[in-house]
Amino acid sequence: MSLSILLRCHAIEQSRRFYEDVLKMRTEDLNEHSISVFCGDSEIMLTDLDLWQAQPHMSGTIYVGVDDVDAWFGRLQSGCEMVWPLQEMPYGTREFAIRDCNGYILAFVQKNWRNALELWRFATRFDNGAG
């Protein structure tokens with residue numbers, strides 16, 4: 001299964017520069033108002049069209065699985081707004097998060113994160129809420 005997400009951005013060229021120059025991700029034009037951003041098998045589409053009659057916003061986190069999360073952190077820690085630093089999470093992932101130029105939170109997580117989340121789901125099935 002693959003999943004793509006389409007998000008509104010403030011300005012398409014500002015977004016392209018951020019994803020290409022800062023994050024070193026590949027972009028492709030979709031049309032004059034929209035681009036696709038690729039990182040491995042992840043795709044984020046950005047548009048400056050007002051399709052939703054709303055400013056760019058999202059109440060959530062976009063997780064991007066990467067092969068070497070430590071290398072990504074080393075490269076991005078001084079050039080991006082950090083949301084949380086590189087750390088081992090209680091649910092078993094190694095990750096950090098940044099805020100992009102549109103305010104979206106991107107979490108970079110070591111590629112085996114799905115296995116860690118499955119363990120977390122299994123462990124929390126037995127939590128009665130008292131912990």
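Start by selecting Tyr-19, which is buried, with a relative accessible area of 1%. Buried means under 20% relative accessible area, exposed means over 50%, and partly exposed lies in between, using a 1.4 Å probe and protein chains only.

Before going on, note that this is a predicted model, in which local features need pLDDT of at least 70 and side-chain atom pairs count only at pLDDT 80 or more, while totals for chains, interfaces and linings use all residues. Residues are numbered from 1 along each chain as its sequence is written, and side-chain values use heavy atoms, with hydrogens and water left out.

**The whole chain**

Colour the chain by secondary structure. There are three helices and eight strands. Helices (H or I, at least four residues) and strands (E, at least two) are DSSP runs, numbered from the N terminus. Read from the N terminus on, the order of elements is β-α-β-β-β-β-α-β-β-β-α. The chain has 131 residues, and 39% of them count as buried. Contact means heavy atoms within 4.5 Å. Of the contacts in the chain with a separation of 6 or more, 52% are between residues 24 or more positions apart.

**Aromatic rings**

Which residue forms an aromatic pair with Tyr-19? By the ring rule there are four aromatic pairs. Phe-18 and Tyr-19 form one that is edge-to-face, with 5.4 Å centre to centre and 80° between the planes. Rings of Phe, Tyr and Trp (its six-membered ring) pair if their centres lie within 6.5 Å; planes under 30 degrees apart count as stacked, over 60 as edge-to-face and the rest as tilted. Phe-18 is buried, at a relative accessible area of 11%.

Now select Phe-96 and Phe-108. Their rings form a stacked pair, 5.2 Å centre to centre, with 15° between the planes. Phe-96 lies in strand 7 (residues 94-99) and Phe-108 in strand 8, so the pair ties together parts that are twelve residues apart in sequence. Phe-96 is buried, with a relative accessible area of 0%, and for Phe-108 the value is 0%, which is also buried.

Then show Arg-75, whose charged end sits over the ring of Trp-72, 4.1 Å from its centre. A charge sits over a ring if NZ of Lys or CZ of Arg is within 6 Å of the ring centre and within 35 degrees of the ring normal.

An open sheet of four strands has the order 5-8-7-6, with mixed pairing. Two strands pair if DSSP finds at least two bridges between them. Strand 5 and strand 6 (81-88) are the edge strands, each pairing on one side only. On average, neighbouring strands of this sheet are turned by 15° against each other, direction ignored.

How do strand 6 and strand 7 run, parallel or antiparallel? They run antiparallel and are joined by five bridges. Select Trp-84 to see that it stands opposite Ala-97 in strand 7. Helix 2 packs on the sheet, touching strand 5, strand 6, strand 7 and strand 8, and its direction makes about 30° with that of strand 7. Axes are lines fitted to C-alpha atoms, for helices over the stretch in contact, and angles run from 0 to 180 degrees between N-to-C directions.

**Salt bridges**

Turn the side chains back on. The whole structure has eight salt bridges. A salt bridge is a side-chain nitrogen of Lys or Arg within 4 Å of a carboxyl oxygen of Asp or Glu.

Select Glu-13, Arg-16 and Asp-29, which are linked in a network of salt bridges. Between Glu-13 and Arg-16 the closest N and O atoms are 3.2 Å apart. These two are three residues apart in helix 1 (residues 12-22), and so are separated by about one helical turn. Glu-13 is partly exposed at 40% relative accessibility, whereas Arg-16 is buried at 15%. Between Asp-29 and Arg-16 the closest N and O atoms are 2.6 Å apart. This pair links distant parts of the chain, with Asp-29 in strand 2 (residues 26-31) and Arg-16 in helix 1, 13 residues apart. Asp-29 is exposed, at 53% relative accessible area.

For the last stop, select Asp-67 and Lys-111, whose side chains meet in a salt bridge (3.9 Å, N to O). Asp-67 is exposed, with a relative accessible area of 63%, and Lys-111 is partly exposed, at 37%.
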